[in-house]
Structure formats: C-alpha cells, structure tokens
Amino acid sequence: MCDEDFSLMTDTQGSQNTLDGILRAISKCKVQHNQLLKEQQYLSRARDDQEDLAKQFRQRVVKLRISLEEDDKNQARDVDSERKKIAALHDEESRLKREIQRAEEELQLEEESTHHLKQQTDVSTAAVPEKKVVFTGETGDGANTLNFDVKPHIVYPMEEGTALITFEDEEVAQKILSLREHKVDLGGDCAITLEAKLVRLLMPCQVEMDTEVCSRRILVSNLPKKAGEDRLLDKLEIHFAKSKNGGGEVEESDMLHDSGNVVITFIENNIAKGLTDKQYHDVEFEKGRKHSVKVTPFLNGEITSFQTRLSACGRTVLLTGIPAVMEQENLQDLLEIHFQKTSNGGGEVDAFLYNPLGQHTLALFEEDCPTEDQSQ
C-alpha cells in the first residue's frame with residue numbers, strides 16, 4: 001500500500017510538472033502571439049504605408065506623364081514655331097537677295113546710263129565742228145535756246161491727174177482755194193475744169209533723240225575750201241592712217257556735202273578717242289603746206305520719241321481732175337499761165353509740178369515751213 005501511494009504521488013508531481021510546462025508553453029505562445037500580433041500590426045501599417053507610397057507614386061507618375069506630354073506638345077509647338085520662324089527668315093533672306101540683285105542690276109544700268117551721259121557731256125561746245133558764224137544785227141528770243149531746228153524734207157506722193165502749184169503770196173493761194181473750181185481754157189473750144197484743194201502734210205512737232213559717241217568714227221571740220229573732194233579724202237585718209245599721227249587703219253571716209261565736213265571710220269575702236277582728245281591736227285594737203293583741221297567726236301543718234309501733227313501748206317495748192325488731153329509739157333505751161341493771171345484769181349508762181357495720168361511722181365517739200373492747220 002505504501003508502494004502504491006508513493007507511485008500515485010510520483011504521478012501527481014509529473015502531471016503538475018506537465019501542466020506547468022503547458023502553462024509556460026501557453027504563456028510563451030501568448031507572448032509569441034502578442035508578438036505576432038504586433039508584427040502583424042506593424043506589417044499592416046507598413047503595407048498601408050507602402051500602398052500610400054505606391055498610390056502617391058502612381059499619382060506622381062500620372063502627373064509626370066501629363067507634364068511630359070504637355071512639355072512634348074509645347075516643345076512640338078515651339079519646334080514648329082521655330083521652324084516657321086526659320087522658314088520665314090529664309091523667305092525674307094531670299095526676298096532680300098532678290099532685292100539686292102535687282103538693286104545691283106538697276107545700279108549697273110544707272111552706272112551705264114551715267115557713263116553714257118558723261119560721254120555726251122564730254123562732247124562739250126569746244127568739241128563742236130568748226131563753223132564760221134557772223135552776227136547779222138538780228139536779235140532773238142532766248143526762250144527756245146535749248147531747242148534745235150529741223151528742216152522739213154517731206155516726200156509727198158502725187159496722185160495721177162493732179163498738179164501742185166506754189167505761189168509767192170500766201171493770200172493768192174488762199175484765194176484760189178476759196179474759188180475751189182477753176183475753168184482753164186486750153187485754146188479753141190477745149191476747156192477743162194479743175195478743183196483746188198488744200199495740201200495737208202504730216203509734220204514732226206516733237207523729236208527726241210538718244211545720242212552716243214561713236215567709238216570708230218571722227219568728224220573732221222575746218223577743211224580747206226579750194227581742195228577737191230577726192231584729193232581731200234585721200235589726204236585725210238593718208239594722214240589719219242599713220243600711227244605716228246595717232247591714227248590707224250581707215251575703213252572708209254565720207255564727205256558730208258551739206259556741212260562740208262568729213263566722216264572717217266576706222267577699223268579699230270580705240271583710235272577715234274585719242275584723235276578727238278587732241279582736237280587740232282596739221283594735215284599736209286599740198287606739199288610743204290599744212291592746214292589745221294579740227295577733229296571732234298562723231299555722234300550716233302537714235303530717235304526715241306517722234307510726234308507728228310497734220311499741217312496745211314500756206315502757199316501750195318493741189319489741183320485735181322486734170323485729164324490727159326495733150327502733151328505733158330504743153331498742158332503744164334497752159335496751167336501755169338492760167339494761174340499766173342490775176343484775172344483768174346492767181347499771181348506769181350514759185351513752183352509748178354504736174355503728174356499726168358498713168359505716172360507716179362514724188363514731190364519734195366522742204367525749207368518753207370507750213371502753217372499749222374487750225375482745224376486739226
């Protein structure tokens with residue numbers, strides 16, 4: 001019995017020990033559980049913090065993406081704007097280059113025009129061909145000193161069966177025109193009736209010319225009066241063909257009969273200027289005797305503006321309706337005699353030209369300037 005009690009005692013202690021161990025284990029588990037709960041809370045808070053950070057990060061990413069997209073758009077707009085500015089600058093540069101080129105071309109034309117005008121200006125009054133003048137006692141108005149006179153030289157084609165008659169007195173011509181029809185007795189029973197008409201001519205009223213100095217020609221004036229034309233031209237060609245006289249090979253020489261001057265043309269372009277710069281040259285026209293001639297520039301002229309007006313001849317009358325009834329000379333004499341008689345309204349005749357049927361005649365009007373036709 002003692003053994004059993006001892007054994008029971010022993011088992012009770014063991015159980016107690018086991019219970020304590022369990023309690024300690026439970027306490028330990030509680031501690032561990034609490035620890036786990038704390039860790040869980042910590043992790044939960046850390047997770048929440050991480051989620052907040054992730055959310056903030058995502059929000060920042062979205063904002064950054066939007067900002068970058070706006071920056072890209074702004075940059076694209078800026079790039080496009082800069083490209084447009086660059087294109088506009090290129091266009092402006094091209095325009096300025098074209099303007100500069102046009103200005104340079106205009107400047108070149110202006111310089112050429114200035115050079116051309118300078119050439120004309122260099123031909124001063126001292127370079128005008130030698131011509132003797134004398135004061136006759138007459139005075140004139142200085143208002144037209146810048147103008148120049150043009151002598152009429154008009155070719156007038158006559159119709160068949162007409163005649164031109166020029167009277168000394170303009171009043172006679174006007175009277176013949178006022179009578180209009182004229183019966184001319186040709187002798188016997190033969191008579192013809194003519195009609196008097198006004199002669200109108202197309203006259204130049206304003207002429208503008210552009211002149212330039214010819215580089216190959218010279219004008220030689222102040223020539224000896226007694227020398228023959230052929231001898232004169234030969235001596236001038238010989239003199240100006242020599243290099244020691246400043247000349248060169250001569251292409252041709254021409255006499256201007258109206259002025260008595262000579263035009264000499266050289267093969268080369270650089271001869272004329274040297275001769276005109278010197279102006280006066282001693283030329284031997286006769287052996288041992290020299291004569292001083294004047295060399296001036298030869299001007300080429302081109303008409304740039306030509307205006308005309310219809311004018312009436314004051315002293316000339318056109319007779320029409322003349323039949324071919326007799327020889328030309330006989331009929332012309334009879335007509336002229338008829339219009340010389342004051343009884344027929346005529347007067348002194350300066351010129352008479354008859355163009356019969358079947359013929360073509362050109363009449364030349366010159367010297368006497370016609371009066372302006374007031375009806376035009």
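Among contacts in this protein (heavy atoms within 4.5 Å) between residues at least 6 apart in sequence, 75% join residues at least 24 apart. The protein has 5 helices and 11 strands; helices (H or I, at least four residues) and strands (E, at least two) are DSSP runs, numbered from the N terminus. This is a predicted model, in which local features need pLDDT of at least 70 and side-chain atom pairs count only at pLDDT 80 or more, while totals for chains, interfaces and linings use all residues. Residues are numbered from 1 along each chain as its sequence is written, and side-chain values use heavy atoms, with hydrogens and water left out.

**Surface and burial**

- Of the 376 residues in the protein, 24% are buried, where buried means under 20% relative accessible area, exposed over 50%, and partly exposed in between (1.4 Å probe, protein chains only).

**A nonpolar patch**

- Leu-19, Ile-22, Leu-23 and Ile-26 make a nonpolar surface patch of about 330 Å².
- Patches are made of residues with over 30% relative accessible area and no salt bridge, with like charges joined within 9 Å and nonpolar side chains (Val, Leu, Ile, Met, Phe, Trp, Tyr) within 5 Å; a salt bridge is a side-chain nitrogen of Lys or Arg within 4 Å of a carboxyl oxygen of Asp or Glu.
- Take Ile-22 as an example: this residue lies in helix α1 (residues 2-122) and is partly exposed, with a relative accessible area of 43%.

- Strands β3 (residues 181-187) and β4 (residues 190-221) pair in the antiparallel sense over 6 bridges; two strands pair if DSSP finds at least two bridges between them.
- Here His-182 stands opposite Leu-194 in β4.
- The hairpin of β3 and β4 has 2 residues between the strands, and Gly-188 in the turn has a positive phi of about 70 degrees.

- With β4, β6 pairs in the antiparallel sense over 4 bridges, and Leu-219 has Val-263 as its bridge partner in β6.
- Strand β5 (residues 250-256) runs antiparallel to β6, joined by 6 bridges; the bridge partner of Val-250 is Phe-266.
- β5 and β6 also form a hairpin, with 4 residues between them and a positive phi of about 80 degrees at Gly-260 in the turn.

Terms used. Accessible areas come from the Shrake-Rupley method with a 1.4 Å probe; for residues, only the protein chains shown count as cover.
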